Amino acid sequence: MFAAALRPASFAARAAVKPARSAAVRALSTTAARRSGHPAPQIFGEGAKTGEIPTDENQATGLERLQILGTIEGVEVFDLKPLDSSRIGTLADPIKIFSMDTERLIGCTGAPAESHELLWMNLTREKNRRCPECGSVYTLDFQGSEHAHEHH
């Protein structure tokens with residue numbers, strides 16, 4: 001009787017020690033790209049050859065690679081120009097901020113420029129923002145796709 005009671009426990013102990021079989025796991029996105037015949041996305045660099053020191057162009061990925069490739073082509077990828085600070089935006093005539101997204105983080109230094117410390121504000125399509133320091137009003141000039149984030 002004692003041996004019969006131990007038998008299920010010993011089976012459970014052996015099963016716990018045995019490594020479970022692992023199924024081959026592969027990302028679906030890489031499988032489709034490999035089998036579809038399309039070229040690999042250019043957002044990843046090819047890396048350096050063996051024995052070479054990689055350059056930024058070789059090893060950069062993501063937005064950094066986009067910016068480097070844009071610089072090589074002579075295209076300004078990101079708009080780094082300061083906002084219009086020649087006037088104070090009003091509720092009737094706010095300063096329009098170009099955006100490809102439904103929200104954007106902006107900074108106000110006042111009008112004229114540098115008249116107060118830099119204040120950051122989150123600007124959305126639904127609501128204009130007023131700087132608490134100088135009173136300038138900003139609105140989002142949304143130019144992107146209406147359903148850009150609904151790709152699920």
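Q: What is the average pLDDT of the protein chain?
A: The protein chain averages a pLDDT of 75, and 67% of the residues score at least 70; pLDDT is the predictor's confidence in each residue, from 0 to 100. This is a predicted model, in which local features need pLDDT of at least 70 and side-chain atom pairs count only at pLDDT 80 or more, while totals for chains, interfaces and linings use all residues. Residues are numbered from 1 along each chain as its sequence is written, and side-chain values use heavy atoms, with hydrogens and water left out.

Q: Why is S99 called buried?
A: Buried means under 20% relative accessible area (1.4 Å probe, protein chains only), exposed over 50%, and partly exposed in between. S99 has a relative accessible area of 5%, so S99 is buried.

Q: What makes up the largest nonpolar core?
A: Nine residues form this core: I95, I97, I106, C108, M121, L123, C131, Y138 and L140. A nonpolar core is a set of buried Ala, Val, Leu, Ile, Met, Phe, Trp, Tyr and Cys residues joined through side-chain atoms within 4.5 Å. Strands β1, β2 (103–108), β3 (119–124) and β5 (137–142) each supply at least two of its residues; strands are DSSP runs of E, at least two residues, numbered from the N terminus.

Q: What makes β4 and β5 a pair?
A: Two strands pair if DSSP finds at least two bridges between them. β4 and β5 are joined over two bridges in the antiparallel sense, and R130 stands opposite V137 in β5.

Definitions and conventions:
Helices (H or I, at least four residues) and strands (E, at least two) are DSSP runs, numbered from the N terminus.
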